[in-house]
Structures are given as C-alpha cells and as structure tokens.
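Subject: Structure handover

Hello,

Here is the structure I promised to pass on, with my notes below it. Please look at the structure first and then read the notes against it.

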Amino acid sequence: MTVSSTRLLTWHDGVAPGQSRRDGALFIGSVRAEELAESYGTPLLAIDYGVLDAAIAEFVAAAQPHGIEVAYAGKALLLRALARHLASTPLALDVCSLGELVTAERAGFPAARITLHGCGKSDEELAAAAAGRVGTIVADSLDELQRLAARARDDRRIDVVLRINTGIEAHTHELVRTAGDKTKFGMPADALPAAADIFNRAAALRYRGLHAHIGSQIYESAAFAANVRALVDVAARAAAIGLHGDRIIAGGGFGVRMHPGDDAELDIPSTITGLADAFSESARRANLPAARLGIEPGRALIARAGTSLYRVMAAKEQYGMPYVVVDGGIADNPRPALYDAYHHPLLASRAGGAPRETVLCGRSCENDRIVTAPLPADTRAGDLIAVCTTGAYTYSMASNYNRFARPAVVAVRGETHTPIARRETVDD
C-alpha cells in the first residue's frame, strides 16, 4: 500500500478515512460536505470511491499471493451503480435475495462470479440458481438442499456449497454472531451423511465445498483462523463419505475501526496471512486434497467509504445534557438502536467551539439516539453534521419508519460527485 492509500484507510487528525478539513469545513474526498448537502439535500449518504478502491486493493493485495478468492458481501450495500463498479474489479459478489441478484444482473455483473446466500431462500431464488443465474449457491439446511434438488434438471449443473455451523463463537454482539449455539445459520457437521444422500440422488447437484461465517465486527485474528481449521476438519469428514469439494469459504466479519481514539483495529494483511497459514497447515494435517480458500468481506470494504450527512433541526438541553436533533436517524441507520453500534459524529459545516459530550438524536418517534459523543458546544440549528463510517448496513437496512423517505446516495470521486440512488419522494 502506498502512503496515500494508507491515509485513505486510516483515521487522521480527528477525521475518518478519506476525509479532511480546510478552514474548518469538512471535505469528503476533495468535495466540501456542505456542497454535497446543498446539491442533494439531507439526509445523504456519500460513498467515497477512493476509500472503497483502497480497501479493495488492500484485500486483493493480501489475498492474491495465497490464491484466496475475495467476494464482496452485497448485503452491506448494493446499488446498481456500485455493482457495476465492483464488476470492474477482481472481486466476486455474494447476494442473499432475489432483489440483490436482480440488482447485480442489471449492473451486468457476471453470473459466474455471483454466489447466492440466505438461510431461508424462496422458491424464486432457488429457481434462479437452478436456471444458472448464479455461479454457486450456498445451501443453509437439508430442507433447502432437498428443495433445490427438486428443481434441478439433468442438463444443467448446479454448484452447491454447504453452510456449516462450526461452533466458533466470536467475541461480538449476540445479534451479529452467526456461529455457535445461539444462531439460526448453517447446518451441523453431523448432517453431512444426509446431504451426501441428496447429492447422490440428484445428479445435477455438484458438491463444491463448505462455508462458515462466524459474525461481524470481529477484531480477533485467532477467531478467523479457528473457523478455517474447523472447516477443514469438517471437509475431511465430508471427503471420507464421498463429498469431495474444492472450496473452503471462511466468510467475513473483519472488524472496522469506528472511532478516532479506538484501539480496536484489525490488521488485514496479517490476518489474511494467518488464515492462509491455518488453512494450509490444517489441510496438510487432514490430508485434504487441494482446495481454494475464500473470504467474504462486506463492511470491511464499504463501511469506511461512507459518510452520512444530516442537517441540525434543533439543539437543546435536557436536565444538564445537551441534545442535538438531526433530520435523519433510525429510519436511515437502525444500527445504533439494534445493537448499540457506534458512529463518530463531526460538525461538518464549520470548525465550532470547545467540545461537549452531546446526545445526537434522530427525529423519529423514538428516543432514536444515534450516538453520545463530543460535539462543539455551540452546535446549532442549520449546522451540518457528518456521521462517519456509515457505508455498511445503513442504507441497505433503511426503512420508511414514520413514513420518512429513504435518503439519496452519492458517489464521490476526487473532486466530482454523482448520484447513484435518488431520494425517495412522498409519492414513493
């Protein structure tokens, strides 16, 4: 990574990756945040493609020497323009619904590079896989595998990966933990004989390997390595009963730094090297034939590229605590309400005075606390607030709660900006 690329991916001078200040005003890329707000209105999600491309380059550079496939987890954020941009990179793409698949198709993303995920796939989604609209489907249960087999045709091969619950419990919030004894995802290893029977009876289904994802916002490299080792052990058990695959997919969940003073940060190159080492060592020990390792970052690629811009609607004090109410909130970013996610706020329109611990809230009919963090004590109505690292699981999880319209999304490339999702209207 070059010095400029490293700067694009790190917090510096109190601002988030890709951001800077000039004369007190916040810039996203080389565009003044106030210019974006005036051009597109607020709330607004700005995606800095310079930061996105730097994150992609970091993962690809770390993975390619080890032959590791990198797929973008589309559930983090997927728009047609974004999918079109991703198609020009070395990344594969994971989708988990018919809507995400159609978005990718309309962007021209190659079907062979798409994997269909999901723990409860509809008949239409299974039919899409059977029709060859994706390169691979990840079967989450025996029921789903049987339903897929019923739709298979002898003249069209369907590549299938089995999702396994490896039991590796990462240290993260319970609601984003996807392995262990308190999760709905995947099947236990003892389901392999029944799965083998389904493969044997459905000639069109081709077993390609195993998948396991252990959660999100994980900062422990050891957890990823443990998951890989567990997957290799299960793959050896599968091979012993005739299921010979060539793929081991270790999921994503790579932690992203959310705060300028936060020590929690995952070293991506060393983590990926650790995954590769754990994979090769355990595969050699298990005498497992050559297989390719895959990973599926989503948040780690797009989160740092995103900044949400809000206009202050009211500033007031309640029982000695300052409150700032903005024109967005839970409808465009439910993460703080769902699992106490932290997004760092900045006054974007000017420098401001001395900081004071402030409750930043949305305008919905909830307490709708976005974050409690230092903001200038003189923050007032009309100011512009930037909420950082919001590229992942904000717009993609947005709702129309209180019948609010979903915000616009704009792509920033250096000094230029282009809308990639229009703002919803009241008619919508």
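This is a predicted model: local features need pLDDT of at least 70, side-chain atom pairs count only at pLDDT 80 or more; totals for chains, interfaces and linings use all residues.

Q217 lies in the loop between β10 (205–211) and α9. Q217 has a positive phi of about 55°, although the residue is not a glycine. Its relative accessibility is 15%, so Q217 counts as buried, the cut-off being under 20%.

T389 also has a positive phi without being a glycine, in this case about 50°. T389 sits in the loop between β18 and β19 (408–413). With a relative accessible area of 2%, T389 is buried.

One more backbone feature to check is a cis peptide bond, which runs from T42 to P43 and has omega near -5°. P43 is in the loop that links α2 (33–40) to β4 (44–48).

Helix packing

Two packed helices are described by the angle between their axes and the distance between the axes.

The α9 helix (residues 221–240) and the α10 helix (residues 268–285) have axes that come within 9 Å and cross at roughly 25°. Angles under 35 degrees count as roughly parallel, and α9 and α10 are therefore roughly parallel to each other. The crossing of α9 past α10 is right-handed. On the α9 side, the contact is made by S221, F224, A225, V228, R229, V232 and D233. On the α10 side, the residues are T271, L275, A278, F279, S282, A283 and R285. Sorted by class, the contact of α9 with α10 has eight nonpolar, three polar and three charged residues.

Helix α10 also packs with α3: the axes of α3 and α10 come within 9 Å and cross at roughly 35°. Here too the crossing is right-handed, with α3 passing α10. From α3, the residues E58, F59, A62 and A63 meet I268, P269 and I272 of α10. By class, the contact of α3 with α10 is made up of six nonpolar, no polar and one charged residues.

Which way does α3 lie relative to α4, parallel or oblique? Helix α3 (residues 49–63) and helix α4 (residues 80–87) pack at an angle of about 40°, and their axes are 12 Å apart. That angle makes α3 oblique to α4. The crossing of α3 past α4 is right-handed. Y49, L52, D53 and I56 of α3 make the contact with A81, L82, H85 and L86 of α4. The class count for α3 with α4 is six nonpolar, one polar and one charged residues.

Individual residues in loops

H12 is placed in the loop between α1 (3–8) and β1 (19–22). Is H12 buried or exposed? At 11% relative accessibility, H12 counts as buried. The side chain of H12 reaches the backbone oxygen of Q19 at 2.9 Å. Leaving aside neighbours within four places in sequence, H12 is in contact with R7, G18 and Q19.

K184 is found in the loop between β9 (158–163) and α8 (192–201). K184 has a relative accessible area of 59% and is exposed, the cut-off for that being over 50%. Apart from neighbours within four places in sequence, K184 is in contact with C119 and D140. The C-alpha atoms of K184 and T358 are separated by 38 Å, and the two residues are 174 residues apart along the chain.

A381 belongs to the loop between β17 (369–376) and β18 (384–388). What does A381 touch, once its neighbours within four places in sequence are left aside? The residues in contact with A381 are then V312 and M313. A381 and K316 are 65 residues apart along the chain, and their C-alpha atoms are separated by 9.7 Å.

If you open the model, I would look at Q217 and T389 for the positive phi values, and at the bond from T42 to P43 for the cis peptide.

Regards

Key:
Residues are numbered from 1 along each chain as its sequence is written. Side-chain values use heavy atoms; hydrogens and water are left out. Axes are lines fitted to C-alpha atoms, for helices over the stretch in contact, and angles run from 0 to 180 degrees between N-to-C directions. Helices (H or I, at least four residues) and strands (E, at least two) are DSSP runs, numbered from the N terminus. Angles under 35 degrees count as roughly parallel, over 145 as roughly antiparallel, 65 to 115 as roughly perpendicular and the rest as oblique. A crossing is left-handed if the near helix is turned anticlockwise from the far one by less than a right angle, and right-handed if clockwise. Contact means heavy atoms within 4.5 Å. Ala, Val, Leu, Ile, Met, Phe, Trp, Tyr, Cys and Pro count as nonpolar, Asp, Glu, Lys and Arg as charged, and the others, Gly among them, as polar. Buried means under 20% relative accessible area, exposed over 50%, partly exposed in between (1.4 Å probe, protein chains only). A polar contact is a pair of N or O atoms within 3.5 Å; within protein, one must be able to donate a hydrogen and the other to accept it, and residues adjacent in sequence count only if both atoms are side-chain atoms.
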